[in-house]
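Visitor: I am new to reading protein structures, and I would like to learn how to go through one feature by feature. Could you take me along, giving the idea before the case?

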Amino acid sequence: MTALTQFQRLEATGVWRPNPSERLRDVIVSFGDATLILRDPRSEEPLSHWSLPAVTRLNPGQMPAIFAPGAAEQDEVVEIGDTLMVDAIERVHSAIAASRPHPGRLRGVLLWSLIGAVVLAGAVWLPGAVIAHAARIAPPAQRTAVGLSILADMRQTTGAPCDRPSGAAVLDRLSARLLGPEGRIVVLPATMRGARALPGRIIAIGDDMIAGEPGPQVAAGHVLAADLVAAEGDPLRKVLDEAGLRAAMSMLTSGELPARAIAGQGTALLLRPAPRPNEDALLDRLREAGVPSEPYARSLDPSGETVLTLIEADPFRANPPPEPLMSEGEWVQLQQICSR
């Protein structure tokens with residue numbers, strides 16, 4: 001309405017025709033309250049009122065300008081040769097039209113906002129959904145292949161897994177007892193301060209869990225703890241989270257995870273502290289496997305409350321397990337698994 005106020009006193013002469021059957025007559029054209037007023041030049045009596053928002057120019061870019069009161073009402077016209085008045089009419093017409101509500105524009109804004117929200121939600125949700133799906137449907141052989149690839153990456157830091165035949169045979173029997181036929185324990189020549197669960201039910205421990213220990217209970221406790229952590233959070237899902245959406249898509253389509261997607265993950269896993277499982281779940285698992293919790297607890301940080309809890313709740317604190325994990329001779333053989 002600022003434009004209308006600016007031109008309210010502007011007047012110009014024009015030629016007006018009320019309908020095609022009448023002759024042209026001179027008029028004075030001026031602005032009213034959002035209207036265009038056509039007056040008789042002698043009596044100044046108003047002859048016609050046009051709504052400014054509806055005014056339509058019939059010959060854009062040509063002079064004299066010809067206007068009609070609306071797009072559908074072109075029988076009544078006025079010709080104006082005054083450039084200032086023509087520009088003023090068009091400016092005021094545009095200003096009034098712009099100030100009116102635009103329901104269609106609002107719907108457009110809402111529609112595009114909704115589309116943008118859907119696209120954003122898809123961008124946030126889709127990668128996680130694809131990665132979770134890839135981890136969920138991966139068959140055992142594929143999981144094992146990824147686990148062995150992570151193990152190969154760890155070898156760059158620790159060296160090759162220990163495999164002296166006599167000790168390896170004992171390790172296989174221990175794996176079967178603690179993890180079942182589908183599990184596998186791997187000993188690396190490194191200090192790992194705990195076990196790490198890899199995809200494919202592979203549990204890696206360092207020879208610090210074996211060398212210098214009086215028995216296999218410490219190693220067994222860490223193996224069971226790592227296996228419980230894997231049950232709580234799929235190791236393959238964690239690998240795919242690190243690898244990213246493209247790697248997960250590649251595994252879904254080709255059945256393999258690109259080597260570049262795994263590079264560095266094994267080393268990073270070694271640098272992180274070994275995660276701890278739920279205490280109650282661990283105690284139940286230790287009881288089932290016939291493994292006392294006190295040796296495992298004493299290998300942890302002695303300042304933690306977990307240590308005292310696991311010692312006091314040791315299921316075999318009063319009586320030893322009915323079946324030992326292995327004989328003394330087997331333990332000696334396992335301790336030599338990293339010897340060359």
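This is a predicted model: local features need pLDDT of at least 70, side-chain atom pairs count only at pLDDT 80 or more; totals for chains, interfaces and linings use all residues.

Visitor: Which residues form a disulfide, and how far apart are their sulfur atoms?

Guide: The idea is to look for a pair of cysteine sulfur atoms within 2.5 Å. Here the count comes to one disulfide, formed by Cys162 and Cys338, whose sulfur atoms lie 1.9 Å apart. The pair links distant parts of the chain, 176 residues apart, with Cys162 in the loop between helices H4 and H5 and Cys338 in the segment after helix H14. The torsion about the S-S bond of Cys162 and Cys338 is about 90 degrees, so the disulfide is right-handed.

Visitor: Is Cys162 buried or exposed?

Guide: Buried means under 20% relative accessible area, so Cys162, at 8%, is buried, whereas Cys338, at 23%, counts as partly exposed.

Visitor: Which residues have the most contacts inside the largest nonpolar core?

Guide: In soluble globular proteins, nonpolar side chains tend to be buried together. In this model the largest nonpolar core has 39 residues, and those with the most contacts inside it are Leu178, Ile185, Ile203, Ile205, Val291 and Leu334. Helix H6 (217-232) supplies the largest share of this core, nine residues. A second, separate core has 26 residues, including Ala134 and Leu240.

Visitor: How many salt bridges does the structure have, and where are the residues of the one between Arg57 and Glu90?

Guide: For a salt bridge, one looks for a side-chain nitrogen of Lys or Arg within 4 Å of a carboxyl oxygen of Asp or Glu. A search of the whole structure finds 10 of them. Arg57 and Glu90 meet at 2.9 Å, N to O, and they link strand E5, which holds Arg57, with helix H2, which holds Glu90, 33 residues apart. Arg57 is buried, with a relative accessible area of 17%, while Glu90, at 32%, is partly exposed.

Visitor: Which residues are linked in a network of salt bridges?

Guide: Glu182, Arg201, Asp227 and Arg285 are linked in this way, and within the network the side chains of Arg201 and Glu182 meet at 2.4 Å, N to O.

Visitor: What joins the side chains of Ser30 and Arg39?

Guide: They are joined by a polar contact of 2.7 Å. Ser30 is found in strand E2 (residues 25-31), and at 2% relative accessibility Ser30 counts as buried.

Definitions and conventions:
Residues are numbered from 1 along each chain as its sequence is written. Side-chain values use heavy atoms; hydrogens and water are left out. Helices (H or I, at least four residues) and strands (E, at least two) are DSSP runs, numbered from the N terminus. Buried means under 20% relative accessible area, exposed over 50%, partly exposed in between (1.4 Å probe, protein chains only). A polar contact is a pair of N or O atoms within 3.5 Å; within protein, one must be able to donate a hydrogen and the other to accept it, and residues adjacent in sequence count only if both atoms are side-chain atoms. A nonpolar core is a set of buried Ala, Val, Leu, Ile, Met, Phe, Trp, Tyr and Cys residues joined through side-chain atoms within 4.5 Å.
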